[in-house]
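Subject: Structure for you to look at

Hello,

Here is the structure I said I would pass on. Please open it beside this email and follow along.

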Amino acid sequence: MMKKIITSLLSMVIILGLAACGNSASQSAKPSTEETNESKVEGNKVLVVYFSATNTTKGVAEYIANGLNADIYEIVPKDSYTEADLDYNDDNSRSTMEMNDPDARPAISGSVKNMEQYTTVFIGYPIWWGEAPRIINTFVESYDFSGKTIVPFCTSGGSGMGSSATNLEELTSGAKWLSGRRLNGSDSQDTVMEWVNSLGLKFES
Ligand SMILES: Cc1cc2nc3c(=O)[nH]c(=O)nc-3n(C[C@H](O)[C@H](O)[C@H](O)COP(=O)(O)O)c2cc1C
């Protein structure tokens with residue numbers, strides 16, 4: 001009788017033990033599924049890049065990044081632009097000379113970490129003489145954008161994007177450039193996000 005009780009207790013322990021094993025096996029399977037999901041999310045990340053000499057484009061870039069919960073990267077010139085550098089009435093100012101030279105490539109301080117994780121990159125800049133500042137050329141030539149979607153945007157004193165974005169597009173290869181948008185520094189976050197949402201982009205961040 002005693003032997004029978006011990007035997008059945010033992011078999012219960014074994015069954016419970018197996019059940020527990022089964023549990024831990026299914027639990028250990030879960031993190032690996034999550035890892036897969038996580039890497040999928042990482043592969044669809046958005047980066048909002050901007051250059052802003054007087055903070056107008058910066059405000060719009062922040063609206064987009066906040067609205068999408070995306071990463072943001074400021075293009076910081078190695079030599080920052082002084083007020084004199086930005087004087088478009090002066091033929092000899094730094095900005096005038098750079099814009100008169102299509103090959104000018106002002107140096108950037110720092111770089112984007114792990115650009116490969118982003119599939120969509122917004123690129124924002126002020127219009128200078130109807131174009132993107134040459135430092136944007138430096139930026140787009142510094143990375144491999146193939147397979148990525150690029151969304152240009154700009155602010156200006158009144159000019160539209162003109163051919164600024166199509167000229168930048170020529171400096172990249174294999175990227176899908178969407179038609180961009182000029183925004184006003186005074187546009188609200190809602191106005192900015194209405195445009196962003198109208199692009200119908202599918203991304204997770
Ligand atoms: C060197 C220079 C050239 C500019 N050229 C133009 C232009 O061609 N058309 C225009 O509408 N605004 C022009 N602007 C005005 C800027 O595009 C506008 O103030 C912009 O919103 C500034 O953005 P930021 O504050 O992000 O630098 C120019 C400004 C500078 C400094």
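Predicted model: local features only at pLDDT ≥ 70, side-chain atom pairs only at ≥ 80, totals over all residues.

The overall layout

The chain has 205 residues, and 27% of them count as buried. Its secondary structure comes to 6 helices and 8 strands. Read from the N terminus, the order of the elements is α-β-α-β-β-α-β-β-α-β-α-β-β-α. If you take the contacts between residues at least 6 apart in sequence, 79% of them join residues at least 24 apart.

Strand 1 and its partners

Which strands pair with strand 1? One partner is strand 2, in the parallel sense, over 4 bridges. Two of the residue pairs can be found by number: valine 49 has tyrosine 73 of strand 2 as its bridge partner, and tyrosine 50 has glutamate 74 of strand 2.

Strand 5 is another partner of strand 1; the two run parallel and are joined by 6 bridges. Here lysine 45 stands opposite tyrosine 118 of strand 5.

When you look at any of these strands, remember that side chains in a regular strand alternate between the two faces of the sheet.

Helix 2

Helix 2 covers residues 56-68. Its 13 residues, at 1.5 Å a residue, should span 18 Å, and its end C-alpha atoms are 19 Å apart, which agrees.

Which residues of helix 2 are buried? They are Thr57, Val60, Ala61, Tyr63, Ile64, Ala65 and Leu68. What covers these buried residues includes strand 1 (45-50), strand 2 (71-74), strand 5 (118-126), strand 6 (149-155) and helix 6 (189-198). Just after helix 2 comes asparagine 69, which takes a positive phi of about 55°.

Strand 6 and its partners

Strand 6 is mostly covered, with 6 of its 7 residues buried. Strand 6 pairs with strand 5 in the parallel sense over 7 bridges. The chain gets from strand 5 to strand 6 by way of helix 4 (residues 134-141), and this β-α-β crossover is right-handed. Within this pair of strands, valine 121 stands opposite isoleucine 150 of strand 6.

Strand 6 also runs parallel to strand 7 (residues 176-177), joined to it by 2 bridges. There, threonine 149 stands opposite lysine 176 of strand 7. A further 2 bridges join strand 6 to strand 8 (residues 181-182), and these strands run parallel too. The bridge partner of phenylalanine 153 is arginine 181 in strand 8.

Helix 4

Helix 4 is mostly covered as well: 6 of its 8 residues are buried. Those residues are Arg134, Ile135, Ile136, Asn137, Phe139 and Val140. What do the buried residues of helix 4 pack against? They pack against strand 1, strand 3 (76-77), helix 3 (94-100), strand 4 (108-109), strand 5 and helix 5 (164-169).

A loop residue: buried or exposed?

Aspartate 103 sits in the loop between helix 3 and strand 4. Is aspartate 103 buried or exposed? Aspartate 103 has 7 C-beta neighbours inside 10 Å, so it counts as exposed.

Aspartate 103 can also be placed relative to helix 4. Aspartate 103 and arginine 134 lie 31 residues apart in sequence, and their C-alpha atoms are 8.1 Å apart in space. Arginine 134 is among the buried residues of helix 4.

The ligand

How many residues surround the ligand? There are 21, and the closest are Ser52, Thr56, Thr57, Pro126 and Gly157. By type, the shell divides into 7 nonpolar, 13 polar and 1 charged. Helix 2 gives the largest share of this shell, 3 residues. Thr57, one of the closest residues to the ligand, is also one of the buried residues of helix 2.

Regards

Methods
Residues numbered from 1 in each chain as written. Near = placed C-beta within 6 Å. Nonpolar A, V, L, I, M, F, W, Y, C, P; charged D, E, K, R; others polar. Buried ≥ 20, exposed ≤ 12 C-beta atoms within 10 Å, placed from the backbone. Contact = placed C-beta atoms within 7 Å. Expected span 1.5 Å × (residues − 1). Pairing = 2+ DSSP bridges. Right-handed = clockwise from strand over helix to strand, strands pointing away.
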